[in-house]
Amino acid sequence: MFLGGRMRHDEREKRVMNCEEFEVTGLGIERDATASAAEQAAAREHASTCSRCAALRDSWRLAKLELSSLGEATRAAETPERVEMRLRQEFRTRHRSVPARRAAVIAAWALATAVKCSSTGFTSSSCTTGV
Ligand SMILES: [Zn+2]
């Protein structure tokens, strides 16, 4: 039985994992500290009997290895200056636009208040409270 995508922790019964379960839990189970010994054994056994999942596991391992070596190879790489300049420019544009929008809202509110006050008369109490 599976509970929440994981095999139940019942060490007495031998578990059989199917392809779908292997894809969900079996691929990274070797390094999963939360996986039980029964789960790891079921994943190993499934991969030993299913060529499709064994190929998937090997492909997964190769991809992880290549990503790791790519990470090592590009560790010292720096961002090209023009890309960094463009990112900084975009950041400044986005963070400058918020105060500008806020100023526009305040100006619109002040204009609406002025129009309301001029139409109702400046001595009205609504003009002195600003509402
Ligand atoms: Zn399989």
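Which residues of helix 2 are buried? Glu39, Ala42, Ala43, His46 and Ala47 are. A residue counts as buried if 20 or more other C-beta atoms lie within 10 Å of its own, as exposed if 12 or fewer do, and as partly exposed in between, with C-beta atoms placed from the backbone.

## The model

This is a predicted model: local features need pLDDT of at least 70, side-chain atom pairs count only at pLDDT 80 or more, and totals for chains, interfaces and linings use all residues. Residues are numbered from 1 along each chain as its sequence is written.

## Overall layout

The chain has five helices and two strands. Along the sequence, they follow the pattern β-β-α-α-α-α-α. Helices (H or I, at least four residues) and strands (E, at least two) are DSSP runs, numbered from the N terminus.

Of the chain's 131 residues, 11% count as buried. Among contacts with a separation of 6 or more, 43% join residues 24 or more positions apart. Two residues are in contact if their C-beta atoms, placed from the backbone, lie within 7 Å.

## Helix 1

Helix 1 covers residues 19-26, and its buried residues are Glu21, Phe22, Thr25 and Gly26. Seen down the helix axis, they fall within an arc of 100 degrees, so they line one face of helix 1. The arc is that of the directions from the helix axis to the C-beta atoms. The face turned away from this buried side carries the exposed residues Glu20 and Val24.

## Helix 2

Helix 2 has 13 residues, 37-49. At 1.5 Å a residue it should span 18 Å, and its end C-alpha atoms are 18 Å apart, which agrees. The expected span is 1.5 Å times one less than the number of residues.

The buried residues are Glu39, Ala42, Ala43, His46 and Ala47. They cover an arc of only 130 degrees around the axis, which puts them on the same side of helix 2. Ala37, Ser48 and Thr49 are exposed on the other side.

## The core

The largest nonpolar core has eight residues: Met17, Phe22, Ile29, Ala35, Ala42, Ala43, Ala47 and Cys53. Helix 2 gives the most to this core, with three residues. A nonpolar core is a set of buried Ala, Val, Leu, Ile, Met, Phe, Trp, Tyr and Cys residues joined through C-beta atoms within 7 Å.

Ala42 is buried, with 23 other C-beta atoms within 10 Å. Ala42 and Met17 are 25 residues apart in sequence, yet 5.8 Å apart in space, C-alpha to C-alpha. Leaving out residues up to four places away in sequence, Ala47 touches Gly26, Cys53, Ala54 and Arg57.
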